[in-house]
Amino acid sequence: MTNDKRLHKIPGHTDVEWDDKHSDEFRGNVEETGIGFMGYDWDSKEEQFKVYLHYDQLYYWKYAEVSKLGKGFVDGEFWGTKCPKCGDKFFPPRVNCWNLDDNLEKTEWIQLKEEGIVHTFTVAGWSGKSSLKRLPFILAYVIVDGCKTAIANELRGIEPWEADFGMPVKVVWKPKKERQGTVTDWHFEPADGWKPGPMNEEKERIKELCQPVIEWVKTMK
Amino acid sequence: MSRKVCIAGGVATPFDYPMHITPEAMAANCIVETQHEIPDFTLKDLQFMVYSHFSVHFGKQLCPEWIVHDHLGLVGLPHVRIENGGNTGGSALFGAFMAVKSGLFDVVGVYGWETMDNVTQSQGSEFIALASDTRYEALAGGIYPIYYAAMAYKFMKDNDLTEEDFALAAMKNRNYAADNPGAQFYRSDYTNPKSPYYKKTLTVEDVMESRLISYPLKKLDCCLMSRGGAFALVTTEEWAKKHAPDTYVEIAGAGLSSCTIRAGDRIDFPGWNKLYGKGYPDMTEFGACRKSGEDAYDMAGIEYKKAAKEIDVAEIHDAFSSSETQIYKALHWCDKENIKEFVREKQTFLDGEVPTNVGGGLMGYGHPVGATGIMSALECSYHLNDTAPKKHLSSKTYVKDANTGLVNSHAGTGTSISNFILRRP
């Protein structure tokens with residue numbers, strides 16, 4: 001069994017030593033304050049009581065057998081995987097083939113061209129707390145370099161109403177010092193030479209829907 | 001395996017944001033109210049409890065079902081919690097169905113709840129986004145309405161639909177919710193003088209004019225964040241006949257299926273390619289809905305192409321107006337050729353072929369995730385046992401002479417979906 005090539009390697013207990021550390025570079029030394037009560041409210045008429053609870057935590061996400069992806073992002077490289085049996089290509093990478101006929105065949109790492117085609121997209125006018133100031137933005141699902149999957153990321157470099165289905169895009173990296181080994185290290189932009197199509201009724205409609213969002217974001221601190 | 005499984009009865013709390021009642025008190029309320037309809041039923045009848053709760057983040061409490069179970073005095077009774085994203089309620093119901101169908105238990109309680117009003121709306125969106133693939137999607141600024149919008153936009157294009165076509169479902173479900181006193185839209189908007197929708201019958205224009213969430217979805221195309229609970233009593237036919245002859249309905253079909261976590265991974269998935277042809281469901285439809293729907297239809301003896309005719313009333317997972325519309329197609333109620341007519345002829349309105357979400361749905365009644373699928377099953381059963389006029393404010397939202405109902409519960413970007421066929425005994 002131990003010779004089964006499909007098994008993923010697990011380093012020994014003392015093998016991983018992190019000789020290249022960057023943990024405090026981005027937000028400083030994040031302090032875990034743990035659970036704490038921060039105040040209370042009282043409604044005397046309805047006799048309702050409420051407390052404020054704060055809790056924050058730091059996670060250690062180990063990429064393990066997908067580490068090549070994270071290091072690749074830091075180095076400005078796109079690494080996907082390919083099944084040696086059926087040839088299916090994956091980005092995001094799958095380290096075992098998804099095809100049941102291939103019985104968990106271990107995939108091989110391949111470097112991908114940093115280009116793709118927009119499969120579908122949307123123009124976001126609302127998002128999670130950490131993304132509100134970026135609104136409005138285009139989130140596109142892009143098939144990178146002929147993969148069998150599409151990956152979601154932001155499409156920048158054009159007005160939100162200018163995107164199109166099937167448009168070719170390229171990958172644009174953050175400056176190397178700002179990269180963290182995550183999908184936020186890069187975004188999509190239109191491929192060189194691509195020009196937006198003429199405005200039409202639908203694009204005008206999206207533009208109109210975006211205006212209050214643009215105004216709202218200006219009022220945010 | 002021939003024993004029949006029934007929903008003997010059950011009750012949902014009102015859903016609202018915010019609402020001031022604890023999860024355990026909501027459970028107690030639901031059980032007390034169930035006893036009003038099934039006077040014989042006591043907590044001592046329960047043999048197994050299935051708890052339905054999605055996110056422990058909202059309560060900052062792991063294993064919150066232990067608090068509820070303990071509070072109800074059920075210590076000693078076996079219990080499990082089922083968590084399956086937006087399909088948590090449907091999955092818990094599926095679990096209870098299996099428990100009774102297998103012969104292991106005769107009387108099973110299912111209680112679901114969520115307390116999403118414990119955090120701000122945008123923080124809540126971010127919590128829910130943790131059920132998407134956080135490694136690749138949530139970080140890129142994605143939250144569920146954005147993923148759904150990307151799927152809806154492609155579905156709209158591929159099927160030649162418009163924003164207005166989606167808006168019909170948004171308008172319909174909220175207007176029906178205005179006739180349902182437990183519904184969040186009724187509580188927080190329709191009867192709230194401070195709401196722009198106070199005593200207002202919504203129009204497609206209202207939906208079109210609401211703020212952009214993610215094109216083509218606007219605020220009124222999206223469901224609500226809620227606090228709420230729901231309880232259903234799942235039993236053998238024998239128990240139901242004896243103790244709940246006036247309220248019980250049969251679970252004649254049940255299906256549960258799954259799909260990829262990331263919507264972008266289902267444009268060429270080997271399993272779906274084999275089952276439904278290359279490329280299905282793409283990023284436009286829900287393979288897990290089609291599969292679980294077909295499994296439920298098979299169990300209930302319903303021919304796929306006749307499903308719309310056979311189903312008299314449905315409660316489906318309208319997290320977004322677009323997903324309701326996508327579900328019509330996944331469940332074989334219409335196809336690419338006639339979806340436009342199906343939608344524009346209002347076939348899912350009260351006077352149409354398949355009255356859908358007449359209880360208000362997720363957009364009108366609300367979506368406290370763990371309670372939602374159970375609420376949907378109960379709302380559907382109210383037409384099969386003729387209690388709808390009593391449960392709702394009037395008979396306007398009562399589907400008379402309904403014999404067959406469909407209940408749909410849906411998670412992720414279509415990642416887990418269940419469907420049930422309910423029948424009047």
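1. Read along the sequence, the elements of chain A come in the order β-β-α-β-β-β-β-β-β-β-β-α. That makes two helices and ten strands; helices (H or I, at least four residues) and strands (E, at least two) are DSSP runs, numbered from the N terminus. Please keep in mind that this is a predicted model, in which local features need pLDDT of at least 70 and side-chain atom pairs count only at pLDDT 80 or more, while totals for chains, interfaces and linings use all residues. Residues are numbered from 1 along each chain as its sequence is written, chains are lettered from A and ligands numbered from 1 in the order in which they are written, and side-chain values use heavy atoms, with hydrogens and water left out.

2. Now the overall dimensions of chain A. Its radius of gyration is 23 Å, whereas a compact globule of 221 residues would have one near 17 Å. The radius is taken over C-alpha atoms, and the globule rule is 2.2 Å times the number of residues to the power 0.38. Along the principal axes, the C-alpha atoms of chain A fill a box of roughly 70 × 55 × 35 Å.

3. Of the 221 residues of chain A, 38% count as buried. Here buried means under 20% relative accessible area, exposed over 50%, and partly exposed in between (1.4 Å probe, protein chains only). Chain A carries 32 positive and 38 negative side chains, with the centres of the two sets 2 Å apart. Lys and Arg count as positive and Asp and Glu as negative, leaving out His and the chain ends; each charge is placed at NZ of Lys, CZ of Arg, CG of Asp or CD of Glu.

4. The open sheet of chain A has the order β4-β3-β5, with antiparallel pairing. Its edge strands are β4 (89-90) and β5 (108-111), each pairing on one side only. Strand β3 (residues 79-82) of chain A is joined to β5(A) by four bridges, and G80(A) has I110(A) as its bridge partner in β5(A). Two strands pair if DSSP finds at least two bridges between them.

5. Strand β6 (residues 115-124) of chain A deserves a visit too: eight of its ten residues are buried. It pairs with strand β7 (residues 137-144) of chain A in the antiparallel sense over eight bridges, with V118(A) facing its partner V142(A) in β7(A). Three bridges link β6(A) to strand β9 (residues 168-173) of chain A, also running antiparallel, and G116(A) stands opposite V169(A) there.

6. Which residues does K203(A) touch? Leaving out residues up to four places away in sequence, they are W161(A), E162(A), A163(A), D164(A), G197(A) and P198(A); contact means heavy atoms within 4.5 Å. K203(A) lies in helix α2 (residues 201-218) of chain A, and it counts as buried because its relative accessibility is 7%.

7. A8(B), in strand β1 (residues 5-12) of chain B, has 0% relative accessibility and so counts as buried. A254(B) belongs to strand β8 (residues 249-258) of chain B and counts as buried at 4%. Among the residues A254(B) touches are F94(B), F97(B) and F420(B).

8. Last, some backbone details in loops. A cis peptide bond joins F91(A) and P92(A), with omega about 5 degrees, and P92(A) sits in the loop between β4 and β5 of chain A. In chain B, the bond from Y280(B) to P281(B) is cis, with omega near 0 degrees. A64(A) is a residue other than glycine with a positive phi, near 50 degrees; it is found between β2 (48-54) and α1 (67-75) of chain A and is partly exposed at 49% relative accessibility. D386(B) likewise has a positive phi, near 60 degrees, and is partly exposed at 34%.
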